[in-house]
Amino acid sequence: MPWRWQISQAGRSLLAALKETAFRPAMPDLSADQIKQYLQKWYQSEGWLFFTEFAFDGRRMDGFALGWLGYQRWIAQAFEVKVSRADFLKDVKQPEKRQPALIGAHQFFYVTPRTLASPSEIPEE
């Protein structure tokens, strides 16, 4: 008869109390410029056009990627890089700053270190 393992109630409570970040390896602190360089390198390796410090309708975005999906179809993605929690919180409270990016791109992403913001803090628009 094979072993059957069960987690006790105390074990379940302990696991529930642990944060996901407890299992992630430590990441070096990266500057906003380093993150933009990584984004640019990755997108260009995938055949996309990538621009840093891209301005659209008077609003500067940290990154803008343009990819070809085939048959006369492009996809545009805009990025805002945040490495400071205070800067992130200030930015999410100002939806008008994101508006040009939301109009000019199909998708908008905040790019942050893993522990800087939780998914629930990201605006849904």
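# Close-up views of a predicted chain

**View 1. Glu121 is partly exposed, with a relative accessible area of 25%.** Here "buried" stands for under 20% relative accessible area, "exposed" for over 50%, and "partly exposed" for values in between (1.4 Å probe, protein chains only). This is a predicted model in which local features need pLDDT of at least 70 and side-chain atom pairs count only at pLDDT 80 or more, while totals for chains, interfaces and linings use all residues. Residues are numbered from 1 along each chain as its sequence is written, and side-chain values use heavy atoms, with hydrogens and water left out. What does Glu121 pair with in a salt bridge? Its side chain meets that of Arg85, at 2.6 Å from N to O; a salt bridge is a side-chain nitrogen of Lys or Arg within 4 Å of a carboxyl oxygen of Asp or Glu. This pair links distant parts of the chain, since Glu121 sits in the segment after S4 and Arg85 in helix H3, 36 residues apart. Arg85 is also partly exposed, at 37%. Elsewhere, salt bridges with shared partners join Arg59, Glu80, Lys82, Asp87, Asp91 and Lys97 into one network.

**View 2. The whole chain is built from 4 helices and 4 strands.** Both kinds of element are DSSP runs numbered from the N terminus: helices are H or I with at least four residues, strands are E with at least two. Walking along from the N terminus, you pass the elements in the order α-α-β-β-β-α-α-β. Of the 125 residues, 27% count as buried. The chain exposes about 9,400 Å², and carbon and sulfur atoms supply 56% of that area; accessible areas come from the Shrake-Rupley method with a 1.4 Å probe, and for residues only the protein chains shown count as cover. Look at contacts (heavy atoms within 4.5 Å): among those between residues at least 6 apart in sequence, 49% join residues at least 24 apart.

**View 3. Glu53 and Lys36 form a salt bridge.** Their closest N and O atoms are 2.4 Å apart. Glu53 belongs to strand S1 (residues 49-56) and Lys36 to helix H2 (residues 32-45), so this pair ties together parts that are 17 residues apart in sequence. Across the chain, the salt-bridge count comes to 12.

**View 4. Glu80 and Val81 are both found in strand S3.** Glu80 is buried, at 3% relative accessible area, and Val81 is buried at 6%. Glu80 forms a salt bridge with Lys82, with closest N and O atoms 3.3 Å apart, and Lys82 is buried too, at 4%. Setting aside neighbours within four places in sequence, the contacts of Glu80 include Arg59, Asp91 and Tyr110. The C-alpha atoms of Val81 and Ile35 are 7.4 Å apart, although 46 residues separate them along the chain.

**View 5. Helix H3 (residues 85-92) has the buried residues Phe88, Asp91 and Val92.** Seen down the helix axis, the buried residues of H3 fall within an arc of 95 degrees, so they line one face of the helix; the arc is that of the directions from the axis to the C-beta atoms. An α-helix has 3.6 residues a turn, so residues three or four places apart point the same way. Among the elements covering the buried residues of H3 are strand S2 (59-68), S3, helix H4 (95-104) and strand S4 (107-111). Which residues sit on the face turned away from the buried side? The exposed residues Ala86 and Lys90 do. At the start of H3, a side-chain oxygen of Ser84 comes within 3.3 Å of the backbone nitrogen of Ala86.

**View 6. Leu49, Phe51, Trp68 and Trp74 make a nonpolar surface patch of about 430 Å².** Patches are made of residues with over 30% relative accessible area and no salt bridge, joined within 9 Å for like charges and within 5 Å for nonpolar side chains (Val, Leu, Ile, Met, Phe, Trp, Tyr). Trp74 lies in strand S3 (residues 74-81). At 44% relative accessibility, Trp74 is partly exposed.

Conventions. A polar contact is a pair of N or O atoms within 3.5 Å; within protein, one must be able to donate a hydrogen and the other to accept it, and residues adjacent in sequence count only if both atoms are side-chain atoms.
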